[in-house]
Amino acid sequence: MTDDVIIRKFEKTDRAGLRRISCQTAFLDKPREKFIEDDEILADSLTSYFTDYEPESCFVAAQNDRVIGYITGSKNVKSMARINNFKIYPRLFFKSLLRGLFFKKNTSRFLFHLLASFGKGEFSEPDFSRDYPATLHINIDDGFRGQRIGSRLIEKYMSFLRENSIPGVHFGTTSSGAKEFFLKEGFNILFEGKRSYFRYYSGSDIIFYIFGKNINLVG
């Protein structure tokens with residue numbers, strides 16, 4: 001039952017729960033240790049910007065004070081990219097070196113295929129930031145999916161963007177299940193591409209979708 005699940009603004013005490021879910025859902029529910037063998041580094045890469053630099057754009061779904069889902073976001077992806085590129089990523093790189101992450105078998109294999117995919121131009125995509133300056137990332141604990149919690153988080157975040165006069169939001173996903181969810185929520189597919197970095201593990205490429213939605217700022 002989810003009658004007691006509330007949607008509220010992110011608080012500092014929610015950080016651990018948010019990081020836990022981010023790791024569990026990082027690789028389409030595949031075992032994350034097969035790709036990144038350090039949960040602290042993985043959670044840092046997925047959540048640090050949102051929780052540490054723009055927490056006001058984050059919301060959680062909580063049941064009895066336990067975080068069971070979240071939506072993180074940024075009102076301006078270009079500002080987010082600058083902070084990631086000049087503050088977060090360099091720090092993560094040196095932290096990974098110190099923790100010996102790059103020398104772990106599964107991690108080094110995954111990063112090799114990720115870089116190969118990047119080298120093939122598979123990460124090239126149009127810039128949608130002018131019409132859709134905001135972004136979002138949403139995840140729900142496995143046992144709470146399909147119960148409208150994701151829809152409620154989306155509604156809360158869209159209201160937040162509207163209140164801040166943000167004209168549009170865009171984001172990427174490689175999940176076919178998420179694709180159907182976002183289409184039902186009124187998002188449009190802006191771009192579709194193939195990425196091969198999972199092929200060594202699953203035997204097939206994955207499809208990368210960029211979704212976008214204009215926000216009605218009237219009313």
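This is a predicted model: local features need pLDDT of at least 70, side-chain atom pairs count only at pLDDT 80 or more; totals for chains, interfaces and linings use all residues.
Let me begin with strand β3, residues 66-74, which runs antiparallel to β4 and is joined to it by six bridges; strands here are DSSP runs of E with at least two residues, helices are runs of H or I with at least four, and both are numbered from the N terminus. Within this pairing, I71 has I138 of β4 as its bridge partner.

Residues are numbered from 1 along each chain as its sequence is written, and side-chain values use heavy atoms, with hydrogens and water left out.

Stepping back to the sheet, we have four strands in the order β1-β2-β3-β4, forming an open sheet with antiparallel pairing, where two strands are taken to pair if DSSP finds at least two bridges between them. At the edges are β1 (5-9) and β4 (135-140), each of which pairs on one side only. From one strand to the next, the twist averages 15 degrees.

Which strands does helix α1 touch as it packs on the sheet? Helix α1, residues 15-24, touches β2 (59-63), β3 and β4, and its direction makes about 80 degrees with that of β3; contact here means heavy atoms within 4.5 Å, and angles run from 0 to 180 degrees between N-to-C directions, with axes being lines fitted to C-alpha atoms, for helices over the stretch in contact. Helix α5, residues 149-163, also packs on the sheet, touching β1, β2, β3 and β4, with its direction at about 155 degrees to that of β4.

Returning to α1, its buried residues are G17, L18, R19, I21, S22 and C23, where buried means under 20% relative accessible area, exposed means over 50%, and partly exposed is in between, using a 1.4 Å probe and protein chains only. These buried residues of α1 pack against α2, β2, β3 and β4.

That brings me to the helix pair. Two packed helices are described by the angle between their axes and the distance between the axes. For α2 (residues 39-53) and α3 (residues 77-98), the axes come within 11 Å and cross at roughly 150 degrees. On the α2 side, the residues in contact are E40, I41, D44, S45, S48, Y49, F50 and Y53, and they meet M80, I83, N84, K87, I88, R91, L92, K95 and S96 in α3.

Turning to the aromatic residues, the structure holds 24 aromatic pairs, counted when the ring centres of Phe, Tyr or Trp (its six-membered ring) lie within 6.5 Å, with planes under 30 degrees apart called stacked, over 60 edge-to-face, and the rest tilted. One of them is the tilted pair of F93 and F102, at 5.6 Å centre to centre and 40 degrees between the planes. F93 is partly exposed at 42% relative accessibility, and F102 is partly exposed at 27%.

Another tilted pair is F118 with F123, at 6.0 Å centre to centre and 45 degrees between the planes. Is F118 buried or exposed? At 55% relative accessibility F118 counts as exposed, whereas F123, at 27%, counts as partly exposed. Both belong to a cluster in which ring pairs link F27, F35, F110, F118, F123, Y197, F198 and Y201.

Finally, N216 lies in the segment after β7 (206-214) and is partly exposed, with a relative accessible area of 49%.
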